[in-house]
Amino acid sequence: MKLNCSSDVILFDNKSVSMAEQVSLGFPRSMRQYAHNVVMVDGKYYYAKKCSINTLINELVGSYYSSLIGLDVVDYKIGKTKSDISYLYALSEIFYKDDYSYTTVEDSVAGLRPDDTKAFTRGLGSIYVCDTSVLSLFHFQQLIDSVLKMTAIDLKMGQVDRYNYNVILRDDGYEKHLEKVFDFGWSYAVSIDDKKTCYYNPFLVVKRNAISICGLARKYPQIKKTAAILSTTPLYDVLKNIESRFNIKIEDKDIPGYLEMDNAYSKLLRKL
């Protein structure tokens, strides 16, 4: 796949902010994995994620879907280093603020459940898997709704990389919120024909088949509205919107492959 980029691409010095400097700046521990490659661009700190063309497009598609359904998401810019313009980077401004505390999901539920009940180890040999035991530990409605929106997007895109280190919780002193979502790079990576594969995030695990995701909808019916929006949003229109917004060109010959996988994932979501 080739991606034709314009002069809108940001050129930056690939000098990472050291971990020691991140500590001195007050970056919380839970955010340091996310911000493992922090660079300075025009006086602001950005996470610079090195991308292949495919993963960059996936990041932009995931960002579009998030905005479409009202899920808080990082605002991506496309970058290249001044020293080597052959590599692409997804740049997102660091969202850490002094007014909040940040944590991972696992740290938030530590001590609330035994290790042997972790969702990703339970029932994976069965046809039906819909384990929401971790999500049920949280009683903040806004957080639950955000997690379900993130889950619907990940199912729509065939995401396989939604682990503890790329899901961050923000605590304002009253309740926990899902921080801006990021990291959609490993999407469109699972064949929908393999109904034994599971989708996992730190809150839940569900098999990618109709009976399992319908089980999720029975527990949390609000996911149906989100799934209906995503499953009826043509990916072709999304890709064209991305081309216009970022002033890039995705080669026409590469689009059918995306559309084929998207049609299959959308069909699964419509089962809800």
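Predicted model: local features only at pLDDT ≥ 70, side-chain atom pairs only at ≥ 80, totals over all residues.
Glu 243 belongs to helix H8, which covers residues 235-246. What does the side chain of Glu 243 make a polar contact with? The partner is the side chain of Lys 240, at 3.2 Å. If we set aside residues up to four places away in sequence, Glu 243 also touches Ile 248, Lys 249 and Ile 250.

Now let's turn to Lys 219. You'll find Lys 219 in helix H6, residues 210-219. Is Lys 219 buried or partly exposed? With 41% relative accessibility, Lys 219 counts as partly exposed. Beyond its neighbours within four places in sequence, Lys 219 is in contact with Cys 130 and Thr 132. A polar atom of the Lys 219 side chain lies 2.9 Å from the backbone oxygen of Cys 130. As for Thr 132, 87 residues separate it from Lys 219 along the chain, yet their C-alpha atoms are 8.7 Å apart.

In soluble globular proteins, nonpolar side chains tend to be buried together. Here, the largest nonpolar core has 63 residues, and Val 61, Tyr 65 and Phe 203 touch the most other members. Helix H5, residues 141-157, supplies the largest share of this core, with 9 residues. Another core lies apart from it, with 7 residues, including Tyr 46 and Tyr 89. Back to Tyr 65: leaving out residues up to four places away in sequence, its contacts include Ile 153, Met 157, Leu 230 and Asp 262.

Note on methods: Residues numbered from 1 in each chain as written. Heavy atoms only, no water. Core = buried A, V, L, I, M, F, W, Y, C linked by side-chain atoms within 4.5 Å. Buried < 20%, exposed > 50% of the residue type's maximum accessible area, 1.4 Å probe, protein only. Helix = DSSP H or I, 4+ residues; strand = E, 2+ residues; numbered from the N terminus. Contact = heavy atoms within 4.5 Å. Polar contact = N/O pair within 3.5 Å; in protein donor to acceptor, adjacent residues only side chain to side chain.
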